[in-house]
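Subject: Structure handover

Dear colleague,

Here is the structure I promised to pass on. Notes on what was found in it follow below.

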Amino acid sequence: MSQDRIALVDVNNFYVSCERVFDPLLEGRPVVVLSNNDGCVVARSAEAKALGIATGTPWFQLQAQARAWGLMARSSNYELYGDMSARVMEVVGRFGTWQEVYSIDESFVGLTGTPEQLGKTGEDIRAAVDLHVGVPVCVGIAATKTLAKFANRIAKQNPGLGGVCDLGAMPAGHADAIQHRVPVSGLWGVGGRTAARLKLMGIETIAELRAADPALIRKKFSVVLQRTVMELNGTECIPHTEERADKQQIMFSRSFSAPVTTVGAMEEVMAVYAQKAAARMHDDGLRASAMTVTAGTSRFAGGEGSFPAVTVRFPVPTQDPIVLVRAAVAAMRGSTVPGAAYLRAGVMFSGLEPADGPEMLDVFGSGTGASQPGVGGVLGEVRGRFGSQAIGIGLGGLAAQPGWTMKREHSSPRYTTEWAELPIVKA
DNA sequence: TCTGGGGTCCTAGGACCC
DNA sequence: TCTGGGGTCCTAGGACCC
């Protein structure tokens with residue numbers, strides 16, 4: 001009998017798998033990909049996991065053993081991963097009646113078929129992604145998103161399944177036995193806090209949560225966890241939306257390779273970060289009605305630390321990079337503590353709306369709102385043709401890399417998005 | 001020496017309205 | 001004597017995700 005099912009398809013160790021496509025030397029070896037600034041581990045190959053390396057481990061703590069372990073590190077290369085992601089999504093989407101891209105390496109797709117056909121489709125998806133993109137994926141198939149996520153996890157942890165797990169096609173009692181073993185924190189949407197509170201109620205495993213009273217869960221927790229309970233019982237509660245919802249906020253935030261200690265250097269940072277965020281906003285065709293600038297000293301140093309956060313509201317929503325840069329610099333000025341060693345900063349835009357919507361009159365004549373038409377567009381065009389460093393405004397137009405620029409010592413080339421960095425194959 | 005970045009959704013509570 | 005209650009909007013903060 002034909003069934004409507006949801007498949008969750010995701011790439012195994014996505015960032016590592018992307019690096020491996022272009023560098024076969026990484027195959028079969030322990031590999032980690034590092035966060036921005038080469039700070040800590042964000043992705044691990046199976047071999048790295050086997051070494052006991054946890055996500056979030058600071059790279060400097062691993063460096064000493066890296067050689068002995070044969071451990072390879074790569075700086076994160078989001079341009080490459082973003083492009084590889086688009087290719088994977090396109091291939092996976094061919095198999096579904098609908099597709100919802102959930103994250104850079106995962107999408108939900110709608111499948112229809114008999115149990116036999118569903119399993120075959122899962123295998124076909126794996127083969128197609130392997131052929132056209134070259135990265136390994138796992139497929140979890142079930143009646144709800146929560147269960148599809150769970151099935152995907154089973155597929156990942158049991159190599160014998162060949163990367164596909166259709167929960168409904170498992171031998172009777174098998175899935176149930178697993179749910180009796182696995183703690184609730186293994187579920188999508190249940191984090192450490194919630195798991196700890198559930199434990200106080202005597203609920204520790206997925207099976208115990210599945211058997212809980214949804215109304216009681218709603219009362220003690222939230223509608224979110226109530227939905228999880230219902231989804232575990234096979235009732236779909238999390239709608240699928242093919243269209244990506246409009247963004248609510250755009251953020252550019254980075255830590256520095258060297259501390260920023262002067263007002264002048266922080267103004268440089270604000271000018272550069274505001275332009276980065278403004279460029280993203282322009283690409284998305286949006287404008288902002290508010291901006292928040294933040295900075296922070298080390299969370300690991302003793303003492304109080306300094307974590308300024310200033311929000312500015314614009315009288316008229318804007319995407320004008322000149323206005324945004326000026327506002328970011330002004331907002332941070334006076335909020336930092338003299339002499340403090342800042343290690344990170346960020347610029348966030350919120351209150352976003354389409355930039356082509358009706359323009360409000362700046363009746364108060366503040367002069368800070370009304371967009372000068374086209375500045376962002378011109379900047380974007382120049383960057384598109386001559387590279388991201390080709391042009392900038394004020395302190396953001398620095399010709400030389402400032403001392404605080406992000407560290408990326410193990411970066412791979414942008415193989416698929418820059419002509420100058422195409423891989424070269426010798427035969 | 002060195003410890004990520006970018007998001008979403010929900011809830012509670014306050015301000016304000018009628 | 002009786003001292004409301006329903007509704008909306010906004011914001012801050014919590015929790016979670018990858």
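Which element gives the largest share of the surface near DNA strand C? That share, three residues, comes from α8.

Some conventions before the rest. The model is predicted, so to read it: local features need pLDDT of at least 70 and side-chain atom pairs count only at pLDDT 80 or more, while totals for chains, interfaces and linings use all residues. Residues are numbered from 1 along each chain as its sequence is written, chains are lettered from A and ligands numbered from 1 in the order in which they are written, and side-chain values use heavy atoms, with hydrogens and water left out.

**DNA strand C**

A residue is near a strand if one of its heavy atoms lies within 4 Å of it. By that criterion 14 residues surround DNA strand C, and the closest are K149, G189, G191, R193 and T194. Of the atoms of DNA strand C that come within 4 Å of the protein, sugar and phosphate account for 100%.

Polar contacts are pairs of N or O atoms within 3.5 Å; within protein, one must be able to donate a hydrogen and the other to accept it, and residues adjacent in sequence count only if both atoms are side-chain atoms. Phosphate oxygens of DNA strand C have such contacts with the backbone at L187, where the distance is 3.3 Å, at G189, where it is 2.6 Å, and at V190, where it is 3.1 Å. The elements that give two or more residues to this surface are β5 and α8 (192-200). Helices (H or I, at least four residues) and strands (E, at least two) are DSSP runs, numbered from the N terminus.

By class, the surface near DNA strand C has four nonpolar, five polar and five charged residues. Here Ala, Val, Leu, Ile, Met, Phe, Trp, Tyr, Cys and Pro count as nonpolar, Asp, Glu, Lys and Arg as charged, and the others, Gly among them, as polar.

**DNA strand B**

DNA strand B is surrounded by 22 residues, the closest being M251, S253, R254, S255 and R344. Sugar or phosphate make up 69% of the atoms of DNA strand B within 4 Å of the protein, and the rest belong to bases. At Q248 a polar backbone atom is 3.3 Å from a phosphate oxygen.

Both α11 (223-232) and β9 (249-260) supply at least two residues of the surface near DNA strand B. The largest share, seven residues, comes from β9. The class count is nine nonpolar, seven polar and six charged residues.

**Domains**

An automatic or database domain assignment gives the bounds. Chain A is divided into domain 1 (1-170 + 417-426), domain 2 (171-243) and domain 3 (249-355 + 370-396). Between domain 2 and domain 3 the C-alpha centres lie 40 Å apart.

**Sheets**

Two strands pair if DSSP finds at least two bridges between them. One open sheet has five strands in the order β5-β6-β1-β7-β8, with mixed pairing. Its edge strands, β5 (99-103) and β8 (164-166), each pair on one side only. The twist averages 20° from one strand to the next; axes are lines fitted to C-alpha atoms, for helices over the stretch in contact, and angles run from 0 to 180 degrees between N-to-C directions.

β5 runs antiparallel to β6 (residues 106-113), joined by four bridges, and V101 stands opposite S107 in β6. Helix α4 (residues 78-93) packs on this sheet, touching β1 (3-11), β5 and β6, and its direction makes about 150° with that of β5. Contact means heavy atoms within 4.5 Å. Q3 stands opposite G113 in β6, and the bridge partner of A7 in β7 is I141.

The other open sheet to note has three strands in the order β3-β2-β4, again with mixed pairing. β3 (41-44) and β4 (72-75) stand at the edges with a single partner strand each, so one side of each is left without a neighbour in the sheet. Neighbouring strands here are turned by 30° against each other on average, direction ignored. β2 (residues 31-34) pairs with β4 in the parallel sense over four bridges, and V33 stands opposite R74 in β4. Helix α1 (residues 14-22) lies across β2, β3 and β4, at about 110° to β2.

Regards
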